[in-house]
Amino acid sequence: MTFDAAPFDAALFDAVLFDRDGTLVVDVPYNGDPDQVRPMPGAKDALDRLRAAGLRVGVVTNQSGLARGYFGEDQLEAVNRRIEELLGPFDTWQICPHDDTAGCYCRKPAPGMIEAAAAALGTTPGRCAMVGDIGRDMEAALAAGATGFLVPTDVTLPAEVAAAPHGAADLAAVADLILRRQELLTPAPRPGRAGTVLAVRSDSAGDVLVTGPAIRALAAGADRVVLLCGPRGRAAAELLPGVDEIIEWRLPWIDPEPGPVDAEDMRALTERLRETGASEAVVFTSFHQSALPLALLLRMAGVGRITAISEDYPGSLLDVRHRVPEGLPEPERARSIAAAAGFALPAGDDGHLSLKNTRRAEKEGYVVVHPGASVEARACPPANLKRIVTALTEHGLKVLVTGGPGERELATRVAGTHGIDAGPTSMAGLAALIAGADCVIVGNTGPAHLAAAVGTPVISLYAPTVPYGRWGPYRVPAVRLGDPAAACRDTRATRCPIAGHPCLSSIEPEDVLDALRRLGVRTDFSEHPDTALNSQYADRKGQNHINKTGEVAA
């Protein structure tokens, strides 16, 4: 299906950035001849549709042929002019002229060119999509906080396909995905401002945190927002902007360790919902959950308008039955439900995760390691993490190890004699600690989303039991570690089904050190404090790339 340009509030993406060779044009190794330029199938049409939708387009490309002497800058400029003759103008060109030995901050998979492109376009990496054909394109996008879309070719490795947050068969399909994701956030018409709206997300802390942008959309169009959550999400709910009242209740069709359905408990919940005085409800669910049991109670409580996703026939339980495509990031899935109900984020709200009373802090020169996870299969083996903590401290890094309730012994064990056990903290205290960190090293669990909410980069030790594109840290600089193609992929297993936990036990300390360098965290303190990051990744101000006009840009 093809989605044409339609008017919408472009709060999701401002720009789409493309790799050049193998993505926009057929890859001719070290090409300095404009006569050899051939567009990839569908490239011109896809670009025209994105431009027509108001999105700016740019190119970010590694061109090591310059450093190797295979062509000169004049030849490179001639090739790029020919590309624009065939595909139309680009709003920015960002070119890395270095080879793999330079250790520059611009060469993909480093994020420098994506950051520069966003700055040149007057936006942020978080509001940019990055389209490429190999893993380093996706890694650069993640490290910048942009959204990566992989379009595989014959040279794309299977592991790169498995690791990509989002994928498409060709450029036409990429344009469809981007425009569809924009379209899903276009608010449906409403009769007017709402009174009291009941929002529902009865899951864990991470689930509640990723629903935050959608709840802010409700708050922008309602006089009052009441949030129904479960006990595992209560602490996170207290941190969300836009929530006026919290109702904590365990829902047996959502809770992972449910007790029997108790008729009296359901009657009490129905009455409590009636007492809110809500005129409408918006029920947020993940792809594997049903909103219909609660919708029945909401009807019995007298709620007049109910919006939710439902693949099953809802009968008279829903007024707005919403559907979404597979693979949406959870924050966008939730925002699309709010949009279907007629709610949109206010002007100036960019859709990132955020917390009230906690903002990105001045960095204080430490790294946070959080070893625990709400699901056992998503936790890196403690012995691995202890080795990682030891290696980081041996490189001069200050490492704080955190743990949630019931994880004190784990935190102490991982900290060992080298790291610092941060001690027990509240959810708000953990958020403040993360806000001051240079980086957080964590699995797929709540603190990863806390980091995204305060803008702290994440090294994601990600077990592939659930898709990264749905549940990875949202719109924050990140590096994903672990085996994305492990046998547990997409199983939703809560306990690792493979002996030795191979998807995460294979992560080595050097992998983490490389990830820190990619995120701009200094890892070599043997040099003077005022020198560049380290010998592998030079100071971003000390290495240059070429912009569209051929000028050298810092």
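Which residues in α11 meet which residues in α12? In this predicted model, M266, L269, T270, L273 and R274 of α11 are in contact with L294, L297, L298 and M300 of α12. By residue class, the contact of α11 with α12 divides into seven nonpolar, one polar and one charged. The axes of helix α11 (residues 263-275) and helix α12 (residues 292-300) come within 8 Å and cross at roughly 60 degrees. The two helices α11 and α12 are therefore oblique to each other, and their crossing is right-handed.

An open sheet with parallel pairing contains six strands, arranged in the order β8-β7-β6-β9-β10-β11. From one strand to the next, the twist averages 15 degrees.

Helix α12 touches β6, β7, β9 and β10, and its direction makes about 180 degrees with that of β10. Helix α9 (residues 212-220) lies across β6 (194-201), β7 (222-229) and β9 (280-283), running at about 145 degrees to β7.

A search of the whole structure finds 37 salt bridges. One of them links E330 with R201, with the closest N and O atoms 3.4 Å apart. Since E330 belongs to helix α13 (residues 330-340) and R201 to strand β6, the pair ties together parts that are 129 residues apart in sequence.

A further open sheet is formed by six strands in the order β14-β13-β12-β15-β16-β17, and its pairing is parallel. Its edge strands, β14 (420-421) and β17 (478-481), each pair on one side only. Within this sheet, strand β12 (residues 366-370) and strand β13 (residues 398-401) run parallel and are joined by four bridges; the bridge partner of V369 in β13 is V401.

Two helices are described on this sheet. Helix α16 (residues 427-435) touches β12, β13 and β15 (439-443), and its direction makes about 140 degrees with that of β12. Helix α17 (residues 446-454) packs on the sheet through β12, β15 and β16 (458-461), with its direction at about 150 degrees to that of β15.

Key. Residues numbered from 1 in each chain as written. Predicted model: local features only at pLDDT ≥ 70, side-chain atom pairs only at ≥ 80, totals over all residues. Heavy atoms only, no water. Axes fitted to C-alpha atoms, helices over the stretch in contact; angles between N-to-C directions. Parallel < 35°, antiparallel > 145°, perpendicular 65-115°, else oblique. Left-handed = near helix turned anticlockwise from the far one by under 90°. Contact = heavy atoms within 4.5 Å. Nonpolar A, V, L, I, M, F, W, Y, C, P; charged D, E, K, R; others polar. Pairing = 2+ DSSP bridges. Salt bridge = Lys/Arg side-chain N within 4 Å of Asp/Glu carboxyl O.
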